[in-house]
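Below are some notes for a colleague who is opening this model for the first time. Please read them alongside the sequence and the coordinates.

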Amino acid sequence: MTTAAIDPRASRRCHNALNSLHSTHYFSPDLGRELGALGVTEAPAVNFAARAAALGPVGAGAVTAAFYNYKHDLVARHVPAVWEKVTPEQALAARVRAVDATLRRLLGEEAVTSAGMAEAAELALRAAEGCTRSARPLYSAHADLPVPDAPHLAFWHAATLLREHRGDGHLAALLAADLDGLEALVTHTATGKGLAPKWVFSTRGWSREEWDAAVDRLRERGLIDAAGGLTERGTALREGVERETDRLDAAPYAHLGAEGVARLTELGTAFSRTALGAGAFPADLLAGR
């Protein structure tokens, strides 16, 4: 096993590339179509069924805890009721079918069946061998799932493992920084890299009034300025959160090694750029656009 330290910036770049490809299915009509055919038609329920299915038929409390930045009231409107329409096993199978259709549409058949895709899958799966389960519920649940045979689905599966591993650690960093779910969203949006507020309201269940109240709380802490941007203290807090997230997520990339991380980043970035160019995400998704 490779254990040499990797530049945290390199690990983060690799994660960002893989996370972009992982996330395409959340904005794909294929996911809604597959779950809609099983009776899950409301967009929030589709999201919860797809991502939470690996946890089993859990209740709203478990999903809110694991997802962190969704309003509990929104989760509770759909969970556990969604499991009356679809079993977790059915939801997982529908998710894989949607991912298959989405990646074929966005990347094209040549890329999906390429040697580069097979190489990316092998590298990402090797990196995932370095992940750890403790206090990482979403990663650990997904790690129990079988690896798909097709290289593009195996790559997506490995990207999911790495994404959820980092995400679980990120929540620990947010808790340590004393940022609740909505405050985490507000401060991330203030960096220019997070979701635009309209997407927070439509997908996370928060209202404009709740957003404004969170801004007020953060302003009282000296983290947000009068214009709604991060203060110097707020910037330092967010940078600290990211550094701690990098630290907690170092193991899989150290396991893969610097050369492997560089190659996986190269491949993942190319695939993600192709998907982005094919319209994988709404143009107004991020605050900085």
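1. In α3, the residues Ala45, Val46, Asn47, Phe48, Ala49, Ala50, Arg51 and Ala52 are buried, where buried means under 20% relative accessible area with a 1.4 Å probe and protein chains only. Because 8 of the 10 residues of helix α3 (residues 43–52) are buried, this helix is largely enclosed by the rest of the structure. Helices here are DSSP runs of H or I with at least four residues, numbered from the N terminus. The cover over the buried residues of α3 includes α2 (29–36), α4 (60–67), α5 (72–78), α6 (88–107), α9 (137–143) and α10 (151–176).

2. A word on the basis of these notes: the model is predicted, so local features need pLDDT of at least 70 and side-chain atom pairs count only at pLDDT 80 or more, while totals for chains, interfaces and linings use all residues. Residues are numbered from 1 along each chain as its sequence is written, and side-chain values use heavy atoms, with hydrogens and water left out.

3. Helix α8 (residues 115–128) packs with α10 at an angle of about 30°, their axes being 8 Å apart; axes are lines fitted to C-alpha atoms over the stretch in contact, and angles run from 0 to 180 degrees between N-to-C directions. α8 is therefore roughly parallel to α10, a term for angles under 35 degrees. Contact means heavy atoms within 4.5 Å, and the residues making this one include Met117, Ala121 and Leu125 of α8 and Phe155, Ala158 and Leu162 of α10. The residues of the contact of α8 with α10 divide into 14 nonpolar, 2 polar and no charged; Ala, Val, Leu, Ile, Met, Phe, Trp, Tyr, Cys and Pro count as nonpolar, Asp, Glu, Lys and Arg as charged, and the others, Gly among them, as polar.

4. Which residues have the most contacts inside the largest nonpolar core? They are Leu107, Phe155, Leu162, Leu182, Leu264 and Phe271, in a core of 62 residues, to which α10 gives the most, with 11 residues. A nonpolar core is a set of buried Ala, Val, Leu, Ile, Met, Phe, Trp, Tyr and Cys residues joined through side-chain atoms within 4.5 Å. Apart from this core lies another, of 29 residues, among them Val63, Ala94, Ala98 and Leu138.

5. Leu162 also deserves a look: not counting residues up to four places away in sequence, Leu162 touches His15, Leu18, Ala124, Ala127, Ala128, Cys131, Pro252 and Tyr253.

Methods:
Buried < 20%, exposed > 50% of the residue type's maximum accessible area, 1.4 Å probe, protein only. Helix = DSSP H or I, 4+ residues; strand = E, 2+ residues; numbered from the N terminus. Parallel < 35°, antiparallel > 145°, perpendicular 65-115°, else oblique.
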